[in-house]
Amino acid sequence: MADITRRLGWRHLRGAPTAHIRHHRDGKLVHEGPGLSFWFRALTAALSEIPVEDRELAMTFRARTSDFQDVSVQATVTYRIGDPALAAARLDFSVDPDTGVWRGAPLEQLGTLLTETAQQHALDVLARTPLAAALVDGVTAVRERVAAGLAAEPRLPATGIEIVAVRVVALRPEPEVERALRTPAREQIQEEADRATYQRRAVAVERERTIAENELASQIELARREERLVEQRGANTRREAEENAAADKVRAQAEAARTVKLAEAEAARSVALARAEAQAAREVGEARAAAQAAWLRVHADVDVATLHALTGTRLAENLPRIDHVTLSPDVLTGLLAKLGGEDRG
């Protein structure tokens, strides 16, 4: 919508860059183009504003397929006004010089024209297509047919309209039919999901069985190794006992041999010592006998007095040594009594 301001009986219009303005005064074109700004008098001016930007026209309509099933079609047509002068001549784009508002509804007229034309071509293609094929390939078929039909429509170029793009958003059957169509697919999906679940469970069970078998095999192998280990330990123990017994036997034999040798050496030493002692005793006895015989020969020619003196001397040599003499009172008393008795006698 154009921006119009008032100044002392004059009007000032300022258009947008996407709006094509046409200004007629007294039947003559004075200003024309997008984004204009100019002064004018309301009583003598005729203004038109034609939008030239791309516009989206959403449409929804119902159609029937070849098997008598109703479907709803949602589509969008993108268009623009390529020839503003031609569009202004065919449609009423005039605006109020005081407010800048369209006096008519030109865009609604364009929307009706485009919707009816697109709907006509869509109904034509869907009427020859069964529901199943329409749901599978209907979107593409409808889009191509509508685009071709709008491009071939003579009223659109005559009105200055250019079609930019056609899009079909959705093509859906009735809710009951849609639910009925979804049921087999849902059942198939559920069946596949159940099959996948069963397969997953079977794989899990198989894996658990494999794991259990592996654990059992590991336990069996471990028990077998433990059995071999026990046998090896027993054999090692027996071998160690045998080796210890053999070593003890060797030590006992060596100890016995050494004991025998020591006993034999001790016996030989004892015999030699006994022989030496006997020899020494015999020699000592012979020496004593010789000395005694010599002594006797020496004293055989000595007189009796001399023998007595020698005997006394020998006795004196053999008497024990007396270092101290203890005289008790009783002894002194006895001696004194004896001495006294002898003096009186």
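**Group meeting talk: strands, hairpins and a helix pair**

Okay, let's start with a sheet. Four strands make an open sheet, in the order E4-E3-E6-E9, and their pairing is antiparallel. At the edges sit E4 and strand E9, residues 94-95, and each of these pairs on one side only. If you're new to sheets, here's the background: strands pair through backbone hydrogen bonds, and the pairing can be parallel or antiparallel.

Before I go on, please keep in mind that this is a predicted model. How confident is the predictor? The average pLDDT for the protein chain is 85, and 87% of the residues score at least 70. Which elements have the lowest and the highest mean pLDDT? The lowest belongs to helix H7, residues 329-344, with a mean of 64. The highest belongs to strand E8, residues 70-81, with 93.

Which residue of E4 stands opposite Arg22? That's Glu32. His23, in turn, faces His31 in E4. The two strands form a hairpin with two residues between them, and there Asp26 takes a positive phi near 55°.

There's another hairpin to show you, made by E1 and E2. Strand E1 is residues 3-7, strand E2 is residues 10-14, and the two run antiparallel with five bridges. Here Arg6 stands opposite Arg11 in E2. This hairpin also has two residues between its strands, and Leu8 in the turn has a positive phi of about 50°.

Let's move on to helices. Helix H2, residues 106-126, packs with helix H3, residues 131-152. At what angle do they pack? About 135°, with the axes 9 Å apart. Angles over 145 would count as roughly antiparallel and 65 to 115 as roughly perpendicular, so H2 and H3 are oblique to each other. The crossing of H2 and H3 is right-handed.

And who makes the contact? On the H2 side, the residues include Leu114, Ala118, His121 and Val125. On the H3 side, they include Ala141, Val142, Arg145 and Leu150. How do the residues of this contact divide up? There are 10 nonpolar, three polar and two charged.

Definitions and conventions:
Residues are numbered from 1 along each chain as its sequence is written. This is a predicted model: local features need pLDDT of at least 70, side-chain atom pairs count only at pLDDT 80 or more; totals for chains, interfaces and linings use all residues. Side-chain values use heavy atoms; hydrogens and water are left out. Two strands pair if DSSP finds at least two bridges between them. pLDDT is the predictor's confidence in each residue, from 0 to 100. Axes are lines fitted to C-alpha atoms, for helices over the stretch in contact, and angles run from 0 to 180 degrees between N-to-C directions. Angles under 35 degrees count as roughly parallel, over 145 as roughly antiparallel, 65 to 115 as roughly perpendicular and the rest as oblique. A crossing is left-handed if the near helix is turned anticlockwise from the far one by less than a right angle, and right-handed if clockwise. Contact means heavy atoms within 4.5 Å. Ala, Val, Leu, Ile, Met, Phe, Trp, Tyr, Cys and Pro count as nonpolar, Asp, Glu, Lys and Arg as charged, and the others, Gly among them, as polar.
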